[in-house]
Amino acid sequence: MADKMQALGEQMTQALQETDEFKALKAAFATMKEDDATYKLFKRFQQIQMDLQQKQMAGQQVTDDEMSRARDVADQVAKIEAVKTLMDAERGVNALLNQLNQTITQPIQDIYAG
């Protein structure tokens, strides 16, 4: 049964890559990456987010200075059109994945619904 699930997962991977939402995300990322300064700022933003998330998961308090720095970089990134386009494309893929997750987990929800 695990092999069948793995095979279905691989089919889903292929199907996802063929969706308009995925293609839009891939194109938006490529466009954003073409501008070196934008890409570097984006990578910095990702690293700050990851650092803050790891700190919170470890139960550590995020300082006001760290939050301020994160907001500053987020504000800079949010002003860039290529990043806005990328974020819109991410939302499209996330909506698609949320729908898929609801479909896959429906039998589990049915169990708990009684």
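Q: Which backbone oxygen lies 2.7 Å from a polar atom of the side chain of Thr19?
A: In this predicted model, that atom is the backbone oxygen of Leu16. A polar contact requires N or O atoms within 3.5 Å, and the separation here is 2.7 Å.

Q: Why is Thr19 counted as buried?
A: The relative accessibility of Thr19 is 18%. Buried means under 20%, so Thr19 counts as buried. Thr19 is placed in the loop between helix H1 (2–17) and H2.

Q: What makes the pair of Phe29 and Tyr39 edge-to-face?
A: The search of the whole structure finds two aromatic pairs. In the pair of Phe29 and Tyr39 the ring centres are 6.1 Å apart, and rings pair if their centres lie within 6.5 Å. The planes stand at 80°; over 60 degrees counts as edge-to-face, and therefore the pair is edge-to-face. Phe29 belongs to helix H2 (residues 20–34) and Tyr39 to helix H3 (residues 36–57), 10 residues apart.

Q: Why is Phe29 called partly exposed?
A: Its relative accessible area is 30%. Buried means under 20% and exposed over 50%; Phe29 lies in between and is therefore partly exposed.

Q: What is the geometry of the aromatic pair that Phe29 and Phe42 form?
A: The pair is edge-to-face, with 6.4 Å centre to centre and 70° between the planes. Phe29 in helix H2 and Phe42 in helix H3 are 13 residues apart.

Q: How do you know whether Phe42 is buried or exposed?
A: Phe42 has a relative accessible area of 7%. The limit for buried is under 20%, so Phe42 is buried.

Q: Which residues form one aromatic cluster?
A: The cluster consists of Phe29, Tyr39 and Phe42.

Conventions: Residues are numbered from 1 along each chain as its sequence is written. Side-chain values use heavy atoms; hydrogens and water are left out. Rings of Phe, Tyr and Trp (its six-membered ring) pair if their centres lie within 6.5 Å; planes under 30 degrees apart count as stacked, over 60 as edge-to-face and the rest as tilted. Helices (H or I, at least four residues) and strands (E, at least two) are DSSP runs, numbered from the N terminus. Buried means under 20% relative accessible area, exposed over 50%, partly exposed in between (1.4 Å probe, protein chains only). A polar contact is a pair of N or O atoms within 3.5 Å; within protein, one must be able to donate a hydrogen and the other to accept it, and residues adjacent in sequence count only if both atoms are side-chain atoms.
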